[in-house]
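These are my notebook entries on one model, kept in the order in which I looked things up.

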Amino acid sequence: MQYQIVTPQGDEQLERYFQFRWEVLNKPLHLPLGSERDAYDAYSQHRMVLDENDQIMAIGRLFISDSEEALIRHIAVNANYRKQGFGLMIMRSLEQAALSEGVQRIVLTARDQESMDFFTQAGYLPDGEPYYYKTTFFQQQMVKHLDEPCHFTRSAELCHKLYQEIYERIPLSEKIGIKLTRYDNELLETRLSLGGNANAYESMFAGSSYCQALLTAWSLLWLALEELNMDAEITLVDAQIQYRRPIQGECAAQAKRSQVVNMSESFNAGHSRTRFKIAVELYSSDHLVAEFEGLFLLRRLQCRRPEKVN
């Protein structure tokens with residue numbers, strides 16, 4: 001499936017954007033056509049995901065209220081494309097726009113438990129008690145602080161492309177809410193919040209942290225292949241993880257880039273397959289909480305153009 005994230009342009013595309021907003025969000029609540037628009041639209045940033053047929057898959061809006069705060073509203077996903085990562089793609093695109101403007105925190109409102117679960121996976125936390133709008137619609141304000149910006153000093157463009165890749169090819173990444181926070185010449189780092197991944201003992205599910213470690217290792221290989229302009233299929237052969245202590249807060253998974261610096265040499269002349277072992281360390285509150293090692297088979301598919309992405 002092919003898709004792209006765009007800013008709606010022109011009267012025709014904007015009309016389709018607002019029509020989609022009404023059909024997905026307002027029509028089910030029996031609100032009239034026109035209720036989907038407000039005075040803030042003209043001063044906001046809008047995003048939508050289009051498929052290969054130019055059909056809308058998801059939309060969202062960002063309004064920057066002042067130098068420190070922004071509001072995200074009207075996140076809507078086509079019913080045929082839900083739980084495939086497109087809602088989180090819109091969120092990440094709007095958050096990146098907010099970061100570029102120096103915004104420190106984002107505020108939004110969830111209107112039911114399902115949307116609360118989605119925003120929790122995206123890293124938002126409830127702010128205050130829930131209430132009912134006009135005694136009918138459930139409302140819960142949620143907040144996310146952006147005071148820990150991502151550090152992509154190496155291949156920043158590819159890092160943003162990676163978000164789309166893992167959400168499309170690995171749907172589980174959306175469910176657990178993994179986010180890429182660092183990629184430089186030293187290491188790749190992902191983070192996973194406890195919210196949405198906590199068990200009955202208020203620590204992180206072992207399955208969630210295992211998936212985070214696996215996705216981190218896979219992402220390191222994917223980025224290395226992209227930088228070499230190689231197309232290769234990445235297959236997990238074997239993996240193991242050793243836990244040192246319960247994870248009772250946000251988890252940071254780190255994989256050293258030195259593990260893939262010789263990737264091009266691993267594809268020897270006449271050989272289209274190679275194996276890589278990738279080690280990942282998981283930290284919480286600066287403590288080493290788990291160690292992961294995965295064995296991956298890389299099967300090269302074809303060569304790309306010779307120039308590299310910087």
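Entry 1, the cavity. I listed the lining of the largest cavity and found Leu-162, Tyr-163, Ile-166, Ile-178, Lys-179, Leu-180, Thr-190, Leu-215 and Ser-219. By a cavity I mean a set of points on a 1 Å grid over the protein atoms alone where a 1.4 Å probe fits but cannot get out, with lining residues having an atom within 4 Å of a point. The model is predicted, so local features need pLDDT of at least 70 and side-chain atom pairs count only at pLDDT 80 or more, while totals for chains, interfaces and linings use all residues. Residues are numbered from 1 along each chain as its sequence is written, and side-chain values use heavy atoms, with hydrogens and water left out.

My search of the whole structure returned one cavity of 30 Å³ or more, and the largest cavity holds about 70 Å³ of space, the volume being that filled by probe spheres set on grid points joined across faces, edges and corners. Helix H4 (156–169), strand E10 (179–183) and helix H6 (206–227) each give at least two residues to this lining, with H4 supplying the largest share, three residues. Helices (H or I, at least four residues) and strands (E, at least two) are DSSP runs numbered from the N terminus. I sorted the lining by class and noted six nonpolar, two polar and one charged residues, where Ala, Val, Leu, Ile, Met, Phe, Trp, Tyr, Cys and Pro count as nonpolar, Asp, Glu, Lys and Arg as charged, and the others, Gly among them, as polar.

I found seven aromatic pairs in the structure. The ring centres of Tyr-17 and Phe-18 lie 5.1 Å apart with the planes at 80 degrees, so I logged this pair as edge-to-face (rings of Phe, Tyr and Trp, the last by its six-membered ring, pair with centres within 6.5 Å; planes under 30 degrees apart are stacked, over 60 edge-to-face, the rest tilted). Tyr-81 and Phe-86 are also edge-to-face, at 5.9 Å centre to centre and 80 degrees between the planes, and Tyr-3, Tyr-81 and Phe-86 form one aromatic cluster.

Six of the seven residues of E2 (residues 45–51) are buried, so I recorded the strand as largely enclosed by the rest of the structure (buried is under 20% relative accessible area, exposed over 50%, partly exposed in between, with a 1.4 Å probe and protein chains only). Strand E1 (residues 3–6) runs antiparallel to E2 and is joined to it by four bridges, pairing requiring at least two DSSP bridges; Val-6 stands opposite Met-48 in E2. E2 also pairs with strand E3 (residues 56–64) in the antiparallel sense, over six bridges.

Terms used:
On a 1 Å grid over the protein atoms alone, a cavity is a set of points where a 1.4 Å probe fits but cannot get out, and a pocket is an open set with protein on both sides within 12 Å along at least five of seven lines; lining residues have an atom within 4 Å of a point.
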